Amino acid sequence: MAINLEKGQRINLEKSNGSKLQNVCVGINWGAMEKKGLFGTKKEAVDLDASCAVYDENKTHIDSVNFRKLQSNDRAIKHSGDDLTGDLNGDDGLDNEVITLDLSQLSPSANYVGFFINSFRGQDFKDIPFASIRIYEGTPKHVNEVFAKYDIANDTTFAGNVSMVLGVFYKRNNEWKFNAVGVPTRDRKLEETIVTIQQNHL
């Protein structure tokens with residue numbers, strides 16, 4: 001059963017059968033905005049960008065995966081590609097962008113993997129009709145088991161912001177765990193959010 005993530009919650013990556021989660025998908029789903037004009041309401045594309053950054057045990061940034069770089073250097077992390085619009089016809093229940101993470105294939109120097117979202121055009125989170133994040137086992141096209149989910153559309157703390165830190169996978173005693181950060185940031189660009197995670201959330 002999926003956990004509804006709460007800010008600051010730390011969870012073990014254990015599946016319902018007791019084994020450890022190794023192949024992780026982080027999927028983000030969102031909708032296009034409605035904009036009123038002279039001739040009625042029309043859809044306005046929303047471009048949210050899912051990204052992740054990898055840091056070593058000294059909290060030094062060593063790699064990133066985002067819409068500009070779709071695969072990590074060790075090939076353990078892959079991005080499904082940039083979605084420039086969001087769901088134009090309402091929520092189809094599918095993720096617009098998915099980042100897959102194979103924890104067993106990460107470079108030995110990787111100690112933290114932070115996930116975050118930036119609104120590329122600077123569109124306020126409060127104006128996006130729906131936006132949700134889920135962590136699951138499977139592939140970008142097939143969900144085996146939803147491990148955890150997070151709803152940002154109904155959280156008023158994101159109003160007035162265009163970036164947020166979802167959470168950080170971190171290694172302790174050679175075991176991976178997850179810290180649900182779930183906070184907005186004042187960053188305007190993904191490069192800024194990489195530094196924010198490094199300074200405040202590792």
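Me: Is Cys25 buried or exposed?
Reply: Cys25 is buried, with a relative accessible area of 1%. Keep in mind that this is a predicted model.

Me: And Cys52, buried or exposed?
Reply: Cys52 counts as buried, since its relative accessibility is 0%.

Me: How many disulfides does the count come to?
Reply: A disulfide needs two cysteine sulfur atoms within 2.5 Å, and by this rule the count comes to zero. Cys25 is in no disulfide, and the nearest cysteine sulfur, that of Cys52, is 12 Å away.

Me: What does the C-alpha trace span along its principal axes?
Reply: About 60 × 35 × 30 Å.

Me: What share of the residues count as buried?
Reply: Of the 202 residues, 49% count as buried. As for the surface, the protein exposes about 10200 Å², and carbon and sulfur atoms supply 46% of that area.

Me: What about contacts between residues at least 6 apart in sequence, how many join residues at least 24 apart?
Reply: Among those contacts, 68% join residues at least 24 apart.

Me: How many positive and negative side chains are there?
Reply: There are 24 positive and 28 negative side chains. The centres of the two sets lie 2 Å apart.

Me: Back to single residues. Where is Thr196?
Reply: Thr196 sits in helix 1, which covers residues 190–200. Thr196 counts as buried, because its relative accessibility is 13% and the cut-off for buried is under 20%.

Me: What is Thr196 in contact with, leaving aside neighbours within four places in sequence?
Reply: Thr196 is in contact with Thr185, Asp187 and His201.

Me: You mention His201. What separates the C-alpha atoms of His201 and Asp151?
Reply: Those C-alpha atoms are separated by 20 Å, and the two residues are 50 residues apart along the chain. Asp151 is found in strand 12, residues 142–151. With a relative accessible area of 39%, Asp151 is partly exposed.

Me: Now backbone angles. What is phi of Lys59?
Reply: Phi of Lys59 is near 70°, a positive value in a residue other than glycine. Most residues other than glycine have a negative phi.

Me: Where does Lys59 lie?
Reply: Lys59 lies in the loop between strand 6 (48–55) and strand 7 (61–65). Its relative accessibility is 33%, so Lys59 counts as partly exposed.

Me: And what is phi of Asn174?
Reply: Phi of Asn174 is near 65°, and this too is a positive value in a residue other than glycine. Asn174 is found in the loop between strand 13 (163–172) and strand 14 (175–180).

Me: Is Asn174 buried or exposed?
Reply: Asn174 is exposed, because its relative accessible area is 71% and exposed means over 50%.

Note on methods:
Residues are numbered from 1 along each chain as its sequence is written. This is a predicted model: local features need pLDDT of at least 70, side-chain atom pairs count only at pLDDT 80 or more; totals for chains, interfaces and linings use all residues. Side-chain values use heavy atoms; hydrogens and water are left out. Buried means under 20% relative accessible area, exposed over 50%, partly exposed in between (1.4 Å probe, protein chains only). Contact means heavy atoms within 4.5 Å. Accessible areas come from the Shrake-Rupley method with a 1.4 Å probe; for residues, only the protein chains shown count as cover. Lys and Arg count as positive and Asp and Glu as negative; His and the chain ends are not counted. The place of a charge is taken as NZ of Lys, CZ of Arg, CG of Asp or CD of Glu. Helices (H or I, at least four residues) and strands (E, at least two) are DSSP runs, numbered from the N terminus.
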